[in-house]
Amino acid sequence: DIIESNFYYGCIADIQGDYTAAITYINKAIDQTQKNDDSIPPKFYALRGKIYEQYGHNTKALTDFNTSLSISKEHHNIAGEVIAESSIAKIHRKTKQYHDALELHKKGYQISETTDLISNYTRNSIIMGLAETYLKIKQLDSALVYLDKGLKESVLTKDDEAESYFYTY
């Protein structure tokens with residue numbers, strides 16, 4: 001319970017924009033898990049990677065996203081794999097490695113088409129990543145295809161935040 005509480009405190013601190021506290025809580029959760037000889041859930045590394053990415057520490061973020069991916073693969077956690085690869089794709093896009101970003105987003109999109117293990121939120125995020133990447137490489141027709149898909153799906157799933165982003169793009 002203490003480990004999970006630290007994880008959720010980290011989530012709350014992240015939402016509040018207190019990244020230092022968020023990292024502190026997540027590190028506590030990881031340390032406590034290691035002390036108990038438990039396997040560390042991939043979501044711990046995914047959250048810490050997200051926080052590092054928000055700080056602009058792309059190398060640390062990439063390390064945590066890759067760790068999350070590795071753990072997810074080891075435990076056959078498809079949703080964890082897709083989330084980790086989507087996060088890695090975002091780093092690739094930021095570092096102008098558009099081809100790599102596109103490959104990972106396409107893979108995640110294909111998986112989200114064939115399973116219900118991927119949440120609507122994650123699927124909308126993947127579609128947004130595809131659209132953003134196509135915009136970056138100036139393939140506007142492809143970007144519009146995914147923006148239209150994303151807009152329709154975000155309305156259908158009542159994801160107001162994603163809907164607002166799709167309209168903005």
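A pocket is found on a 1 Å grid laid over the protein atoms alone, as an open set of points with protein on both sides within 12 Å along at least five of seven lines, and its lining residues are those that have an atom within 4 Å of a point. The model shown here is a predicted one, in which local features need pLDDT of at least 70 and side-chain atom pairs count only at pLDDT 80 or more, while totals for chains, interfaces and linings use all residues. Residues are numbered from 1 along each chain as its sequence is written, and side-chain values use heavy atoms, with hydrogens and water left out.

With these terms in hand, we can begin with the pocket. The largest pocket is lined by 31 residues, and those that lie nearest its centre are K50, S87, K90, Y121 and S125. Helices here are DSSP runs (H or I, at least four residues), numbered from the N terminus, and five of them, namely α1 (2-15), α3 (42-55), α5 (78-94), α7 (120-136) and α9 (160-168), each supply at least two residues of this lining. The largest share, eight residues, comes from α7.

A salt bridge is a side-chain nitrogen of Lys or Arg within 4 Å of a carboxyl oxygen of Asp or Glu, and a search of the whole structure finds nine of them. To describe how far a residue is covered, we use relative accessible area, found with a 1.4 Å probe on protein chains only (buried is under 20%, exposed over 50%, partly exposed in between). By this scale D14 is buried, because its relative accessible area is 7%, whereas K50, at 34%, counts as partly exposed.

Because K90 lies in helix α5 and E53 in helix α3, the pair ties together parts that are 37 residues apart in sequence. K90 is partly exposed at 37%, while E53 is buried at 8%. Salt bridges that share partners join E53, K90 and K94 into one network.

What is the nearest side chain of opposite charge to E81, a buried residue that has no salt bridge? It is K107, 5.2 Å away, where Lys and Arg count as positive and Asp and Glu as negative, with His and the chain ends not counted. E81 lies in helix α5 and touches L69, S72 and K73, not counting residues up to four places away in sequence; contact here means heavy atoms within 4.5 Å.

Finally, we turn to two loops. K138, in the loop between α7 and α8 (140-156), has a positive phi of about 60° although it is not a glycine, and K138 is exposed at 68%. K158, in the loop between α8 and α9, likewise has a positive phi of about 60° without being a glycine, and K158 is exposed at 69%.

Technical notes: 1 Å grid on protein atoms, 1.4 Å probe; cavity = no way out; pocket = protein on both sides within 12 Å on 5 of 7 lines; lining within 4 Å.
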